[in-house]
Amino acid sequence: MHKIDSIDLFADKIRYNTLSMLNNLGFGHYGGSLSIVEVLAVLYGAVMDISPENFDKIDRDHFVLSKGHGGPALYSALYLKDFFDKEILMSLNQNGTSLPSHPDRNLTPGVDMTTGSLGQGISVATGIAHGKEIQNLDHFTYTIVGDGELNEGQCWEAIQFAAHYQLDKLIVFVDDNKKQLDGPTEEICKQFVIEDKFKAFGWEATTIDGADTMKILQTIQMYQASNSKKPKCIVLDTIKGQGIEEIETIKNNHHLRLSEDMLGEFKEIEEMMARKIGDQ
């Protein structure tokens, strides 16, 4: 099996488990979890040096999910990387769970930073990258920020800080899925051209198809090999609910509470996805 085939299968498994755990709960952040499946598959499947065996070490890659409401997708990736078992995965957001609605580093194995208050995750990721720079550690720091999250001024303080300190081993992904909690980003608070804004703040930046695992991998590798001292931004052109058409086409799909009919439909999709994974 070619590496990229493995990543695509890994993405299919993350998407399936994300849908399965949310269906089991009956509500949750479907849209923003599904739009980061491909980038998580690339990071955890082919790029980052993170595992249950080395998680307690400082000298490794670090990852911060700044848009904490995408937690179910991260939990799916961590489950597939053997940080915890299926029983824990299916306890999402239930009493006594170690998988709350948003990631918690004190509860969830494999989580580097507690997130959910938007703007704070990218700030901490910047601090982690700065700490690595001070200690001459050679590993990268990765973070995913939401397009709507960039409404937060705190994000731009971190972005300016990272450029000033030339944190060249910080790679930020912007999940540009065009929607936020209250509606389309174009209507709530225009983003204009995100790539240009990062460049204006002193970053290297590019925009790519956020559903193309090969392109994501190639762009990460390009930035890893760059001699530039600038921090790096990859804007992912995505769709809220990505990979499941029935969810992509729901207008307000940031957070869904399923009716009986919707749950039945989503369970059918889940079963089809299970068969697809089983055939590979």
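**Exercise 1. Find which residues R60 is in contact with, leaving aside its neighbours within four places in sequence.**

Step 1: Locate R60. It sits in the loop between α3 and β2 (62–65); helices (H or I, at least four residues) and strands (E, at least two) are DSSP runs, numbered from the N terminus.

Step 2: List the partners. With neighbours within four places in sequence left aside, R60 is in contact with D49, I50, N54, F55, D112, K132, H139 and F140. Contact means heavy atoms within 4.5 Å.

Step 3: Check burial. R60 has a relative accessible area of 2%, so R60 is buried (buried is under 20% relative accessible area, exposed over 50%, partly exposed in between, with a 1.4 Å probe and protein chains only).

A word on the model: it is predicted, so local features need pLDDT of at least 70 and side-chain atom pairs count only at pLDDT 80 or more, while totals for chains, interfaces and linings use all residues. Residues are numbered from 1 along each chain as its sequence is written, and side-chain values use heavy atoms, leaving out hydrogens and water.

**Exercise 2. Work out how α3 and α10 pack.**

Step 1: Take the geometry. Helix α3 (residues 37–47) and helix α10 (residues 213–224) pack at an angle of about 55 degrees, and their axes are 9 Å apart. Axes are lines fitted to C-alpha atoms, for helices over the stretch in contact, and angles run from 0 to 180 degrees between N-to-C directions.

Step 2: Name the arrangement. The two helices α3 and α10 are therefore oblique to each other (under 35 degrees is roughly parallel, over 145 roughly antiparallel, 65 to 115 roughly perpendicular, and the rest oblique).

Step 3: Look at who meets whom. From α3 come E38, V39, V42, L43, A46 and V47, and they meet T213, I216, L217, I220 and Q224 in α10.

**Exercise 3. Follow L43 into the largest nonpolar core.**

Step 1: Describe the core. It has 59 residues, and those with the most contacts inside it are L43, Y44, F63, Y142, F173 and I220. Such a core is a set of buried Ala, Val, Leu, Ile, Met, Phe, Trp, Tyr and Cys residues joined through side-chain atoms within 4.5 Å.

Step 2: Find the main contributor. Helix α1 (residues 3–25) gives the largest share of this core, ten residues.

Step 3: Trace the partners. Beyond its neighbours within four places in sequence, L43 is in contact with M48, F63, Y142, F173 and I220.
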